[in-house]
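Reader: Can you walk me through this one? I'd like the chain contact, then some of the sheets and helices.

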Amino acid sequence: MNAPARPAPGVVRSYEFPVVHRHALANGLRLVVAPMPRLPLVSVLALVDAGAATEAAGLEGIATLTARALSEGAAGMDGATLTARFEALGTVFEGSADWDSSVARVTVTRSRLDAAFPLFAEVLRGATFPEADVARKRDERLVELQQQLAEPRGLADERFSGFLYSATDRYARDLAGTARSIARMNAAALRGFHAAHYGPRATTLFFVGDVTPEEASALAEREFGRWSGGTKPASMAAPSAASAVRRVVIVEKADAPQSELRVGHIGVPRGHPGYLPIVVMNGILGGLFSSRINLNLREKHAFTYGASSLFDWRRGPGPFLVSTAVKSEVTDRALTEILREINGMRAAPPEASEVALATDYLAGVFPIRYETTNAVAGALAGATMFGLPEDWFSTYRTRMRAVTAAQVHEAAQAHLDPTRLLALAVGDATVIEGPLAALGLAPVELHSSEHDPAEA
Amino acid sequence: MRIPATQDTLPNGLRVVLAEDHATPVVCVNLWYHVGSANEREGRTGFAHLFEHMLFQGSAQVAANEHFELVQRAGGTLNGSTWLDRTNYFETLPSHQLELALWLEADRMARLLPAMTQEKLDTQRDVVKNERRWSVDNQPYGTWWERLPALCFPPTHPFHHSLIGSMEHLTAASLDDVAGFFRTYYTPDNAVLTICGDFDPAEARAMVARHFGEIPRGAGKPPLPDVSLPPTFGEWRRDVAEDAVVASRLFLAFRIPPAGSTDWYTASLLGAVLGTGEGSRLPKALVREQHLASDATAFTFDLSKGSDLLVCDVTARPGVEPARLEAAVVAEVDGLIRDGVTAAERERALALLETAWVSGLQSVGARADKLSQFATYQGDPSLVNEEPARHAAVTTEAMTAFARARLGEKNRASLLYVPRADASTEAA
């Protein structure tokens, strides 16, 4: 049997990101509509400029708790009734917060939009935050935190931020708050947060799916036209690193068969002009399956099931970090290989074929990423949150393909810094401490899993 | 809303499902092999999944890891997954790259073995052992996936044993095992190939014929051991697992008819009444009202051979006694049996399923996988379109009758996780 040779690609078919219509109501609320009429489905998303990054000290987590408790009471209905109303319409009201915004969203079938949208609006505008439900949501958040810290992955992520940022920085603490800050929350605090931050001037409303700009506009005007109140939040202070030198930290987990490794440092804000070359650089380093770090740690050495790197994009400088879980006995060797790849990225420009792999992938995968109404709504919300130009998506693929090896190399030299890396391992200290110390990177600091540097 | 799909069978037995949709210039190639952990021979648990890893290690014309690289260079996404009775592989690409995916899949279906080496096997064995450490051994409650099927299926049943496999059995896997498994199960007549998205059917058929047409049919596969079981457990089975966790967690399973049967749709809708959405019975009672649990859901395993499982999965708040958790979950199930399902509960569940159904049609990858699933298990991909109607045909009376017949004490299996003494002290 003949083996057919690798086929050449066919003719490229054109792709356009959905056309975006923008409009503002008289009260300042912005409306963004992206029709995707292929299926009878509409995603509605409200982006409120009220993120965790600007929360007051001691009230960390209030943005998340407020968003989660929105649907616990509104329009004369309690939480159970509201839940039943949304679910009878085949949807779920989702409230969440990120570092730079709060988000409420529902996805409904076309025929139920007219019934679901007023309910969505009532909850967003008029949430009442009943005391008993706020207390329950607060307790559930405390449980969530306990569960997260009992998981090696969750513990590693949590402690990495804690050791990385200066203890006074908001970024040193969990997005959704700490045990200490959450315990302080009550209905009055949430009502205050909602009244101060949720309002038309701080809100952008997105409609994506089987809906016309006219329909969306009429719905928005009817339900939000007379909404008032809410102010923009204060800006955040620039975060700073807890340490200017390299650190190696072990968070003890007795008998762990694997070490959860996190290696990185403070990165750059999303608004950085070198964003695209940094994304490509990270793709080559550890962002793709075929990246240097994954091929090294997984396919060459079989230390792990997977290893990756990311820049956590926020308005402020979020972390750059490499994440992996490796067999305990090879923790030191895995760290050495990670450092080798970071140094290698800085040492010389990447091969043209590596740059092409990353840019062709990131440009090519774009239409696949945005097949769903939810994904498009989320992407448009992100663009608004970060203040990206309106043509960001329509020009993205062209700009991505223009990134050069020289730019990638420049990004690596400017934004990877092996001299101030924090290497943190959640693992069995009796197995990994000696080998990690022997690497001579920095004195090994040993901490119990209870120790939270940001709360110490 | 229907997914229009055609099914043809090549002379070598490969079934080819085509589903056109030109909304976005992307296309998915999705290949199901009708083999999973159930087909493993004794002493080789985890082999089907280890084998899935080996399929990314190259074939006659594809270097190790080049499969990933070529698809990513083409702007595509890809992966594979192993289940009890099937293994799937899929690539979603810009539509002009369709033939690349077909070529990659055909090369490994026709010519995998020339590329297999001991070194590759050793590497992937270690990768999988790390996958096991990561997902099972170093993860709170991570062993549930092994313990629940072990509790619900008898030791001789092909669904009884671990899918990820034991370290010992992974160590024992040899290149001969790879060759034997490949020749027996990775044959065109044991596979369904679905192409979904933006393509021209005539062109696609020609490509499929070019790349798959000459691959020889297999010699047949050994039959699975008997999967038939009595309709219920006949008892209340129990397993208690101490683990390094901060809170108790209960998996309460019921044996139900296999996926695809009329009664399965009844069970599936009943599962949604119990545990889909915060307004369903378990989260409403245990999370919202009684403050005993932090999370409560219900799901089916979707097994289409012999019987399936409906599972309630409820995580307690820390400090809640395991016995109290179990009593509270059981009280909800008993309440359902006693009082029956209401019309509002049925409507709520159907509405949520309808939105999920339409949402699931949005991506070519999800659609392609559904088509392969129905072609593999039911013989006809178009049957996927009957799903909403089959759920909608379930009456409240049928659900109540099913609950009374199948959710009672003689058809329950409890897997209860309890915090180890030291772990629970830590949490306090």
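Author: What follows takes the chain contact, then a sheet, then some helices and strands. This is a predicted model, in which local features need pLDDT of at least 70, side-chain atom pairs count only at pLDDT 80 or more, and totals for chains, interfaces and linings use all residues. Residues are numbered from 1 along each chain as its sequence is written, while chains are lettered from A and ligands numbered from 1 in the order in which they are written.

Reader: How many residues of chain B are in contact with chain A?

Author: 66 residues of chain B are in contact with 61 residues of chain A. Two residues are in contact if their C-beta atoms, placed from the backbone, lie within 7 Å.

Reader: Which elements give two or more residues to that side of chain B?

Author: In chain B they are α2 (66-73), β5 (87-94), α3 (98-111), α4 (118-137), α8 (201-212), α10 (281-289) and α12 (343-360). Helices (H or I, at least four residues) and strands (E, at least two) are DSSP runs, numbered from the N terminus. By class, the side of chain B that touches chain A has 23 nonpolar, 24 polar and 19 charged residues. Ala, Val, Leu, Ile, Met, Phe, Trp, Tyr, Cys and Pro count as nonpolar, Asp, Glu, Lys and Arg as charged, and the others, Gly among them, as polar.

Reader: Next, the sheet in chain A. What is the strand order?

Author: The order is β11-β12-β10-β13-β9-β14 of chain A, an open sheet of 6 strands with mixed pairing. Two strands pair if DSSP finds at least two bridges between them.

Reader: Which strands stand at the edges?

Author: β11 (304-311) and β14 (444-447) of chain A do; each has a single partner strand, so one side of each is left without a neighbour in the sheet. From one strand to the next, the twist averages 15°. Inside the sheet, β10 (residues 258-266) and β12 (residues 319-327) of chain A pair in the antiparallel sense over 9 bridges. Gln258(A) has Lys327(A) as its bridge partner in β12(A).

Reader: What packs on the sheet from chain B?

Author: α4(B) does, touching β10, β11 and β12 of chain A, with its direction at about 70° to that of β11(A). Axes are lines fitted to C-alpha atoms, for helices over the stretch in contact, and angles run from 0 to 180 degrees between N-to-C directions. From chain A, helix α10 (residues 292-300) lies across β11 and β12, at about 160° to β11(A).

Reader: How do α1(B) and α4(B) cross?

Author: The axes of α1 (residues 47-54) of chain B and α4(B) come within 10 Å and cross at roughly 120°. That makes α1(B) oblique to α4(B); angles under 35 degrees count as roughly parallel, over 145 as roughly antiparallel, 65 to 115 as roughly perpendicular and the rest as oblique. On the α1(B) side, the contact is made by His49(B), Leu50(B), His53(B) and Met54(B).

Reader: Last topic: what about β11 of chain B?

Author: 9 of the 9 residues of β11 (residues 411-419) of chain B are buried, so the strand is largely enclosed by the rest of the structure. A residue is buried if 20 or more other C-beta atoms lie within 10 Å of its own, exposed if 12 or fewer, and partly exposed in between; C-beta atoms are placed from the backbone. β7 (residues 235-243) of chain B runs parallel to β11(B), joined by 9 bridges, and β8 (residues 249-256) of chain B runs antiparallel to β11(B), joined by 5 bridges. Tyr417(B) is the bridge partner of Ala241(B), and Arg249(B) stands opposite Tyr417(B).
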